Amino acid sequence: MQSLIQVVNKLQDVFAVVGEQQIADLPQIVVVGTQSSGKSSVLESIVGKSFLPRGTGIVTRAPLVIQMIRYTEETKQTMLMSHNIEDNESITEWVEFLHMQNHFFFDFDSVRNEIESRTNILAGNNKGITNSQILMKIHTNRYDLTFVDLPGITKVAVGDQPEDIDEQIQKLIISYVSKANSIILAVVTANTDPSTSESLQIAKKMDPDGIRTIAVVTKLDLIDEGTLQDTKDLLCGRRIPVKLGIIGVVNRSQKDIVENKSMDATLTSETEFLKTNYPDICTKHGNKALARTLQMILITHIKKVYPKLKAELEDMKNKLGRKLMLLHTPDNKVSFVIGLLKDISKSYEDTVNGNQNDVSVDEVIGGASVSRIIQQKYLKTINAIDPLQDLTNENIATILLNTSGTSQSTFVNEKALQKILSRQLKNLIEPSLDCVELVRSEMLNILNSIDIRLLDTLRRYPQLNEDVRNVFEKLLEENVKNIKDFIESYIESYQECLDTANPDFIFEIIKSNSTIQEEILAAANINNYKDDSDSSSDGNWKDMSQNKKIELNRIQMLNQLLSGLNNNDESLESSEQVKLHRDLSQCYFEFIRKIVRDFVPKRIKHKMINCFLKVLDKRLNEEIFQTYLIEKKIDEVLLEDESFQKDRKDLDTKLDAVMKALKNMIDIQYL
């Protein structure tokens, strides 16, 4: 069953080669502890060799994946023969690094030097850390086991360490222990309170129920005799709530390291210590028990997570395959270009008309965004315009005088009213033209909301992408110029051609503003207008209600007033005449505003959107595809952006890695 671990080792190798160690949530043991917890000593005791860099401050500055691989005699002989090494019984372990394949280390001091050298390459010569892994294989006659050694937890930056070194280390550790398939090996010292242990705090945060955490208690030999019972309670799981167990160990002291005490001698001393101090539980503790327990836990865990891991890799294979398909090089470039242009036109039209397959739930896009511009910006702006903006009674009086010349002003001065309204209606032009610009800008933005696969394809080919966007901009510019000219001319026609006798205008006065209506009639001194038609023999008139009769009377009077047919010979005071022209200007402005706010959106939709969509496919074909054919530029415009070439290569490498991983996982099914 140990070969299960070797299969997972192969998966680690595969993903490490492509530089994507975290591409899959692989089952692995992650070692977490403070710098002074004895973490390195635990690992060296498990391996049985002294090979880790030592010193002050942060020594482990890169994740170190240690794969212990139990070799067979056949494997050993193959290795020796391939390197022309005579059969040497003294060789019981050897090491190779993934970054130095086919180069074997037999001296563990050289292994230490290589770890230090590789760390400096990956993390720099200062005391910073890196996410990049160092993967080493220790071929041993002991057992199969794999673990990841992470930088020791620290709180204070020392020397040339970055100020946020503690945050960097925490982030790196959490990136490993937060994964559901990681077993957390939390290293705790026996001579400190477990409740203050940094490694246990991290484990509890990432694994609240302790179902994937095992604790290792170091420095059992450094506690006072009076605290042995407390330590026994600790080792028996009464103080640390973890489900995978708690194992106490005694490692080499600093004195032992200086004196180069052998690992075998250390294990012997550890066994004697445990028998003496913890006779009833000694067989459950120590480095040998730790190695056996870790191996059992890892094998059990691999078997447990295998189905889900395989399903995740299958899903990853499919996703990578789909992404790679989008980056394939077209076989027939002519068909590819014409098909792409048609798809872009169709997707754009669908997005404008709300027919896209994937409807966004995060933002308003397409035709809905254009409607929102008209509703929330244009209509709101134009409705807020004051009909009498910047127009005082003094202004009106001056215009009345200036337009009368040497003659006395008539009751309704048509020329004055024309000047006033021309001045006020001009305020409708700018918001209307601004609306056109906003819609133009949004229609360009809609191009970025079409099918994401088409956009990704366009981005692959910078020249084609630029040409497509140029056609959109050019076609919109043509429409924008025409529609702006038409809207401006449309509003100007109302500025220049005053028609106060228009029945619709009269009805507008009657319907919209009764106060102004009364003021106009009062100014004309015809409120007491009497109609003789009461004596009419017309049956229809007699059948009308009194309110209807009054309304018809007022329409007739207003028509006479605005048509200059007023028979009242009394001269008007200047102030009454000013008020009359002010009120008439306001009514007429409201009348024209209603027409304009109905016309402009319709004109935009008809000439700027619908007409654009009708000719888009034709213009893309004529100005891009046909031009490419004539100028023989198909190959030139299909030159890919370098970043996409790199993306395709990366995707291809990752897909190959996942395929190899799945192939390796087949072996697990038969174990």
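Begin by selecting glutamate 437 and arginine 440: the two form a salt bridge whose closest N and O atoms are 3.0 Å apart. The model on display is a predicted one. Both residues belong to helix H15 (residues 429-446), and because they are three residues apart there, about one helical turn separates them. Colour the pair by accessibility. Glutamate 437 counts as partly exposed, because its relative accessibility is 28%, while arginine 440, at 15%, counts as buried.

Move to helix H22 (residues 574-631), and select aspartate 598 and lysine 602, which lie four residues apart, about one turn of the helix. They form a salt bridge with 3.2 Å between the closest N and O atoms. Aspartate 598 is partly exposed at 40% relative accessibility, and lysine 602 is exposed, its relative accessible area being 53%.

**A pair that spans the sequence**

The count of salt bridges comes to 26. For another of them, select arginine 252 and glutamate 44, with closest N and O atoms 3.7 Å apart. Are the two residues buried or exposed? Arginine 252 and glutamate 44 are both buried.

**The sheet**

Nine strands make an open sheet of mixed pairing, in the order S4-S3-S5-S2-S6-S1-S7-S8-S9. At its edges are strand S4 (100-105) and strand S9 (246-248), each of which pairs on one side only. From one strand to the next, the twist averages 25°.

Select S7 and inspect its two faces. Eight of its eight residues are buried: Ser182, Ile184, Ala186 and Val188 on one side, and Ile183, Leu185, Val187 and Thr189 on the other. S7 runs parallel to S1, to which five bridges join it; valine 30 stands opposite isoleucine 184 of S7. S7 also pairs with S8 in the parallel sense, over six bridges, and valine 188 has valine 217 in S8 as its bridge partner.

Elsewhere in the sheet, select strand S2 (residues 64-70) and strand S5 (residues 134-140), a parallel pair with seven bridges. Methionine 68 has isoleucine 138 in S5 as its bridge partner. Then show helix H7 (residues 228-235), which packs on the sheet and touches strand S8 (213-218) and S9; the direction of H7 makes about 140° with that of S9. Helix H10 (residues 287-326) packs on the sheet as well, touching strand S1 (28-32), strand S6 (145-149), strand S7 (182-189), S8 and S9, and its direction makes about 95° with that of S6.

Select threonine 457 in helix H16 (residues 452-460). Threonine 457 counts as buried, because its relative accessibility is 10%. Which residues is threonine 457 in contact with, leaving aside its neighbours within four places in sequence? They are Leu326, Phe336 and Leu340.

Turn to valine 334 in helix H11 (residues 333-353), partly exposed with a relative accessible area of 35%. Val334, Leu629 and Ile630 form a nonpolar patch on the surface, with about 270 Å² of accessible area together.

**The whole chain**

The protein has 24 helices and nine strands, and 47% of its 671 residues count as buried.

Definitions and conventions:
Residues numbered from 1 in each chain as written. Predicted model: local features only at pLDDT ≥ 70, side-chain atom pairs only at ≥ 80, totals over all residues. Heavy atoms only, no water. Pairing = 2+ DSSP bridges. Axes fitted to C-alpha atoms, helices over the stretch in contact; angles between N-to-C directions. Contact = heavy atoms within 4.5 Å. Buried < 20%, exposed > 50% of the residue type's maximum accessible area, 1.4 Å probe, protein only. Patch = residues over 30% accessible without salt bridge, like charges linked within 9 Å, V, L, I, M, F, W, Y side chains within 5 Å. Areas by Shrake-Rupley, 256 points an atom, 1.4 Å probe, with all protein chains shown as cover. Salt bridge = Lys/Arg side-chain N within 4 Å of Asp/Glu carboxyl O.
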